[in-house]
Each structure stands twice: as structure tokens, then as C-alpha cells.
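Dear colleague,

I am handing over the structure we talked about. Please look through it below; my notes on what was found follow.

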Amino acid sequence: MGRQIYEAIADGILGGGVYALMAVGLTLIFGVLDIINIAQGILVVLGAYLSYTLSVHLHIDLFVGLLITVPAMFVIGVAIQWLFIRPLRGRDRASMSLLAAYAVALIIEGVLYRVFGPNYVVLTASYVTSSVHLFGFYLPDIYLYGFALAVACVAALYLLLYRTRFGRSVRATMQDQTAARLIGIDVNRVAAVTFGIGVAVTAVGGMMFGATSGGFNPNSGYDLISRLLAIIILGGLGSIGGALAAAVFMTTAEALVDIWSPDWAVVVFYVALVLVLVIRPSGLFGRAPARAQ
Amino acid sequence: MTALLRAEGVTKAFGGVQALQDCTVEVEQGTIAGLIGPNGSGKTTLFNIMTGYERVDAGDVYLGHRKITNQRPQRVFALGIGRTFQLTRIFPRLTVLENMLIATQHRSGRARNPLARAGGRAERQRALGMLEFTGIAGHAGALADTLSYGQRKLLELSYVLVADPAIVLLDEPAGGVNPSLIQHLAGRIRELNAAGTTFLIVEHNMDFVMGLCGHVTVLDYGTVVAAGPPGIIRSDPKVLDAYLGVAEEDDDAGAR
Amino acid sequence: MTTRPGNGAIQRGGGTLAALAVVAVLAVFPLAVTNATVTTIAVDTLVFAAAAVAWNIFSGYSGYISLGHAVFFGTGAYTVGIAARAWHLDGDTVFALLPLAGGVAAALSVPLGLIALRVRRHTFVVITIAFFFIAQLAATNLSWTGGSSGILAPSPNWDATTFNDPFYYVGLALLVAATAASWLIRGSRFGLQLRAIRDDEDRAAGLGVRPMPVKLAAFVISAIVTGMAGGLWFYFIGQAIPQFAFDPLFDLSVVVMAFFGGLGTLSGPLLGALIIEPAQQWLTLHYTNEYLSEILLGALFLAVILGLPRGVIPTAAEKIAALRARRRSVPAREAVPQAGRAGQAAP
């Protein structure tokens, strides 16, 4: 039993790294644009399908394929923001943007159904099923590579945010859009690029998800978005560190509960979400108490 | 004579910024009082504290003999203190008349039945009457967001007044408003004051304040530096100091 | 309300007359049109219209967008199903379970509302989505809900040729009740407070409006009607399965209908439902690929919020008012720099 627990924790942390990446994208978008990109779930699935197409039809390795899918998802993200979100004006902007993202998500889901059908598919590669024997445990190779990649991506994001001029613009916009405009930051561009980045990480998340989920189809988007939402609310909307912590915490908790009862494991996310909302709506590291506005 | 509204020894800090320090301001019943001071001197903070939008770190607020420190805004409003905001707040998607009815709804006897028609006849008459008084009755049926900036200020003033407050706190009523409207406003304030309403006005427009107010308090860096009739205030060197600063002030920076 | 008091009375009288006329037409509709396909679409439309009006009572008037009303719809469906099976009901008596469906939905909405209504508007949307997922999950995993195969409705025992009629009339009654409630609320003190909360919750609170009880009341009322609509729908289609009783497309459909017609207006959701639902059903019939309706619905919604953000009815009302103003010669009024246009209040 003890062994199972250690395994679950290891799986949880490793898996959490990938969820963290997707969640960080989501919370970044919220922090800069003040909207919740509810389409993130289906975009992960889209990323998975893109990797699938490259792998199955063009025989491109999953990781190598990322060189194509990441920029592709970035462009898609920018397009979504530019076409459907930027034009929204008015006092209900935040809610409308969320609804627009919802609509986009359903469109993408419909298109995926039409193109790929409802059957479950998986991403396969030699390293998906092989594992490494470490400290007496079997750690699947894919998880290790994926975790390493996730860490690399988060590190890259961090460098981007804290060491580049663009990153400074992003952080400034996060703090105060009007002030940012006043000092010459092109807020529209920052918004579009940030959205693009937030979506681009779903390419990585999508590939990992596709390889480790044991089968996915267009319907998988719902499960994903509900987890991601739970993660960012627990971590606190807009807090990148919070998203990281919450992601690892949630996946580990789920893995632990899974030992005892697989059916109820996924409930962990929701229970945590409701508890957070009742006790501390702003999440662990969120902004000041979310007062009804 | 007990002042109608009194803030006594009010202290408030936001993080490292001391917004108000041992601040005491009094408003006598039946007067039009002014509150002036350079930007950042704590005027709006004082208003917020008086009307319950901020809590004090120390000190008290009194309405007559009654202590109202830290009471919530709706309670303060119900006790008879009305207040307008620097950034005019109206309900844009309600009609002008409906905006008025929000202010009266808590006082109307029909509060028992929420499904009753919004605003009884008497209530509506009062509301329309007030709109006539301020001059925007012609727009009663229009959506509030079709009003111009000046008209919105009048609407905000109207719905604060229609609740029949004992004292009204006006936060920069003349800000961004054209001169003829400023005169109109000043005239209305005088009329209401003659009928018994007390006013406390924060303003940067010196002509407006000096011409209207019988008593002026000057704040600087969160403390009162001068208080008295406008004639005295106008020539008080401390007041000029506060607004303009003095060349040697750089050396005395630590003294403040 | 118009700016000229005399007209107001005439307008109100005219409005009531028009409403009665519409109800009369709808009442005789199934007697005139007996094509089963058409009446099936009609029943479906009535159910969704009631749901859209109910949704609007909460989300339209308060400005808090709920994407979780499917929870109440599905709860209503399952309530009728479980109760009918437990008490061995069939035939007309099943309709008597609708108030129960509403009641259960209401009971559920209280704790949900208390949790969800404490936060900012867009966290609220996310919470309603979370509730939706939880509900769907519960329905799939709990044994007394029949798990993933769901619950079957009892078989109605009336004449096959007019099979749809009882459902139609119950649906019509529900829609009329929902619309009446919406109209009552809109003109009432409660409705005024609700709409003030929508515009500026903090300022409204400062003026003595109590946001939580007001929002919660609207939420509960909205849940009751939605639950009843769900119960009716369950009996009509004969079963409740988790992914259809709790269908994410339900919420998007209702949202699109309300936005299309005009969020927060009285007749907007009605108009939206009357146009969009039959269109959607027709599409499903003629293009068996159901994913198409998902795509089109999403696209329609984007078109609405980008192109016609306030919806058909307010935009039309504004255009009509502008036309009228141009026809009359408007004398130069008080010299206010940008004269505010006296627009019509939304109906």
C-alpha cells in the first residue's frame, strides 16, 4: 500500500506538471485580459488531434511535432482573440468574452467531431509505453519527458515575463491597463500575444494529454476544462504560482484517491473547487477577496 | 451647539500611505461647508469614512449625538447622509425616473411587498418634482445612459436629494461641468440650503467654493491646516503653502 | 415607459391586447395544424421558450450570466422520472409532478445560489459551469438516478393522433406563467432592485438594496420554472439520460435565444426561442449530423454578440424611435452641448 501511495504521488507530481502548464496559460490570459478562456479545454484536445494527425499521417515524432503544433496553436490563439474577443466592448466585456470563448469552444468541438468522428484515439510512440526503473518504481518515460518539457516551458515563460521587455509590458498590463497604455504599451498587441501564448501551451499539454489519457475524443474537452477551472480557482485567478501549486496538489490528490476508488477520483477536483468557493473564493493566492461586482 | 456632522480625530492609512492623521472636521447644521486641499490631501478618503465606504484606523464620526463610525453605507444613507461621487454613479440601463425610485424605495411604506409596482404615485410625484427642480424632468423616461455628462451629475444629485437627507456630501460637483451648469448647481444648492438641507462640498473650483460656502476647512497631507470663513482662508499663508508649496520645502521635507 | 404620460397608458393597453392575441393564436395552433412533426417542434419550442424566459428572469435582469441552468432542467427531469416510477404514476397524473420538479429545483438552487452569488460576475459563470459538471457526474454515477442509462418515463395513455396535444398545452401554460412572472417582476420594486444590481451593485447596496436576498430570490424563481420545463421535457421525450438531461448545449441554446432576442427584456427570450429553436430542430431533422447544430449555434452566438450585442428587440426599438424622431421636426431644446436622445425604455 505504501508503495502505491508513493507511486501515486510521483504520478501526481509528474502529471501535475503538465496540467500546471495548461493552467498557467489559462491564468495568464485571465491576468492580462481579465477573461476566462473557457475554450482552453477543447484547445488542448485540438492540440492533441494536431499531434495525432502529424504522428499518424505524416509519421512525425510527437515531440518533434511540437515544433509545428506550438506555433500553430499560437496563431489560432491570436486569431481567436483578435476576431472574437477584441471587438467586444461595453461594461459586460468580461462576461461576453467568456461567452464568446464558450461559443468558440463549441464550434471547435463540432468541427473536431466532423473531421475525426466520435471514436477514441490515442497518441502512440515507443516511449509512451516504456518506462524507466528508478528508485524501485516504474516511471513511464513519457511522463518524465513531459514533466521535463513542462518545467522547461514554465521556465521559458518565466524568463519571458521577467527578463524581456515584452514580458515587462505584459506584467504592466496585468497590473493596470490604463497606466500601461499611458506609457506607450500597445495593449492590444500585448493582449493578442498573451492569448496566443496561453493557447500555445495547450499544444504541449495536448500532446501530453493525448499520450497519457488512454484515449480521447472531442468530448474530452469538458473534463479537461472543468479540471483546469478547478485548478485556477483553487490557485487563485491570476496567480501563476498558485496555478502551479494547485495543479500539482490536485493531480496528486486525485492519484491518491484513485487508489481507493477510481470512480470518485475525479470528484476530488469538484469537491476541492466547492470547498474553496465556500471558504475562500479568491483561492489560495488570488487577488483581494472576490467581492460581488 | 453640536455640529450636525463631525469627524473627530480620524486616522486612516492605506498600506504605507497615511491618508488621514488625527483629522477633525465639523459641519454645523444649516450651513454650506467646504472642504478643500491639494490632490492627495485626503478629502475623498474623509468622505468615504464619513459615509461608511471605508473603516477608520482611529477616531470617530458623529451624526448629531449619534456615533456612526464604521457603519455600512446603506445604514449611513438611511440615517440621512447623502453623498455623490467624484466619478458620477448612476444606473445607466434604468430610466431616469427609475434611478430616482431606487433611492426612495427603502423609505417607502410599500417596502413590505416586493412585487408591488415599483414606486407608488406619491413616490413618483416626489421624484418628478425633484427632477423638475434640478432641471432634467424632460428626460424622466429616457435611459440614464443617454444623458450627457452634466445631466448625469444632475441625476446623481437628484436621487441623493430625493431621499430627503439631512446633510448632503458632494464630491467635486462642479468637476468637468460647463459654467452655466455650475451656476445652475450653485443656485439649487442655495435654495435647498435655505429650506434646511446642510451641505459639505469637496471642490477644486475656488470660485465655486468661496462663493457658496459659509465655512471652509483646508486639508493637507491628511490633517486640517486651516478652518474658517472663506475670506480668512483665502489669505491664510498656510493654505497657500499647502497648495503651492514653498521653495525651502525641499529641505524641510522631513518635517511634514 | 415613454416621456409622454398619455401614451404610456395606451401603450400598456395595446401591449396587453397584443399579448392576449398571441396567446389565443398559440392556443388554437394545434387544433389547426395537426402535422405531428410540426407539433413536436412546437412542444420543444415551448419548453425552450419557458426555459429561456426563466433564465432571463435571473441572468437577464441581474446581469449574472449562468451557464449552469441545465442543472435545474435535468433535476426537474429526473425528479419527475424518479417520482413517477416510485409512486407508479402514469397518464395525466404525471403532469401533477411538475410542481414537485419545480420545488426540488428550487430547493437545490438555494445552497447553490448561496455559494455562487457571493463572488464576482465572471467567477460566478465559472462556478455555474462547475455545478453543471458535478450534476452530470452525479447523475451518471449514482445508482438511484439510473446511472448512465438513466430513467425511462411512463408511457402516456392517450390517443396517438393527438399525442402531442397535452404536452403542448401544458407547455403553453408553463410559458404563459413564466412570461407573466417575468412581466410582474419587471414592473415591481423587486425587479427594479434586481436591475439596479445589474447596473451598479455596490451603489445599489449603498442606497439600501440588499443584493444577496434579491439575487437569490431571482435565482430560485428562475430555477423553479426551469425545473418544471425539464420535467415536462422528460415526459415528452420519454427518458432522462445524463448527457441529454444535463446537456451543455442546453445552456448555450438558452443563452443564445436570450441574447438574440434581447437580454433583460421581456419579450426578447421569447422571440429568440420562437426563431432559434424551430430552426435548430429543423436542421437536426434535415441534416442528421447533429454536430452541425453545435457549430451553427456557436457561430450564431458569436454573430449576435459581435454584431447585435443588445439583441433584436432593443435594437429594433431604438431604430424605430430614431425614425420617429427624424420624422417629427424636433425643435432646438436647451443648449446642452451633447443633447441626450430621449430613447425608449426597453419593453
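How many residues does the contact take from chain A and from chain C? Please keep in mind that this is a predicted model. The contact takes 39 residues from chain A, and chain C gives 36 residues. On the side of chain A that touches chain C, the elements that give two or more residues are α4 (93–116), α10 (220–235) and α13 (267–279) of chain A. Of these, α4(A) gives the most, with 16 residues. Sorted by class, the side of chain A that touches chain C has 30 nonpolar residues, five polar ones and four charged ones.

In chain B, Glu172(B) has a phi near 50°, which is a positive value in a residue other than glycine. Glu172(B) sits in the loop that runs between β7 (167–171) and α6 (179–194) of chain B. Glu172(B) counts as buried because 21 other C-beta atoms lie within 10 Å, where the cut-off for buried is 20 or more.

In chain C, the phi of His88(C) is likewise near 50°, a positive value, and the residue is other than glycine. His88(C) is found in the loop between α3 (70–86) and α4 (98–116) of chain C. Is His88(C) buried or exposed? His88(C) is exposed, because 8 other C-beta atoms lie within 10 Å and the cut-off for exposed is 12 or fewer.

Regards

Methods:
Residues numbered from 1 in each chain as written. Chains lettered and ligands numbered in written order. Predicted model: local features only at pLDDT ≥ 70, side-chain atom pairs only at ≥ 80, totals over all residues. Helix = DSSP H or I, 4+ residues; strand = E, 2+ residues; numbered from the N terminus. Contact = placed C-beta atoms within 7 Å. Nonpolar A, V, L, I, M, F, W, Y, C, P; charged D, E, K, R; others polar.
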